[in-house]
Amino acid sequence: MTRAHVTFPVWAWHCDRCGRYGGELAYNQQHLPAPDDMRARGWYIAEKWGDLCSRCAQTPPIESKEHQ
């Protein structure tokens, strides 16, 4: 799961494609919304890395030339 440390001591869910933050900020990582809550809001939450906001989750991934 990707959670970004935006400013000490604040945490937020972070889209790995466009950089958008999930809205809520938390002083402790465990106080962020749960992954299932973010999925209910339309976010794609990956197992390790690659979370996408609701807007980016609606568009197909862009393949890089390095991975082709």
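**View 1. Asp51 sits in the loop between α1 and α2 (54–57).** Helices here are DSSP runs (H or I, at least four residues), numbered from the N terminus. This is a predicted model, where local features need pLDDT of at least 70, side-chain atom pairs count only at pLDDT 80 or more, and totals for chains, interfaces and linings use all residues. Residues are numbered from 1 along each chain as its sequence is written, and side-chain values use heavy atoms, with hydrogens and water left out. Is Asp51 buried or exposed? Asp51 is buried, because its relative accessible area is 0% (buried means under 20%, exposed over 50%, partly exposed in between, with a 1.4 Å probe and protein chains only). Its side chain reaches the backbone nitrogen of Ala46 at 2.8 Å.

**View 2. Met38 is found in helix α1 (residues 35–40).** Met38 has 0% relative accessibility, so it counts as buried. Which residues does Met38 touch, leaving aside neighbours within four places in sequence? They are Trp13, Gly22, Pro33, Trp43 and Ile45 (contact means heavy atoms within 4.5 Å). Cys53 is 15 residues from Met38 along the chain, and their C-alpha atoms are 8.8 Å apart.

**View 3. Look for disulfides across the whole structure and you'll find zero.** A disulfide is a covalent bond between the sulfur atoms of two cysteines; the cut-off used here is a pair of cysteine sulfur atoms within 2.5 Å. For Cys15, the nearest cysteine sulfur belongs to Cys18, 3.7 Å away. For Cys53, the nearest is that of Cys56, 3.7 Å away. Cys15 counts as buried because its relative accessibility is 0%, and Cys53 counts as buried at 0% too.

Key:
Helix = DSSP H or I, 4+ residues; strand = E, 2+ residues; numbered from the N terminus. Polar contact = N/O pair within 3.5 Å; in protein donor to acceptor, adjacent residues only side chain to side chain.
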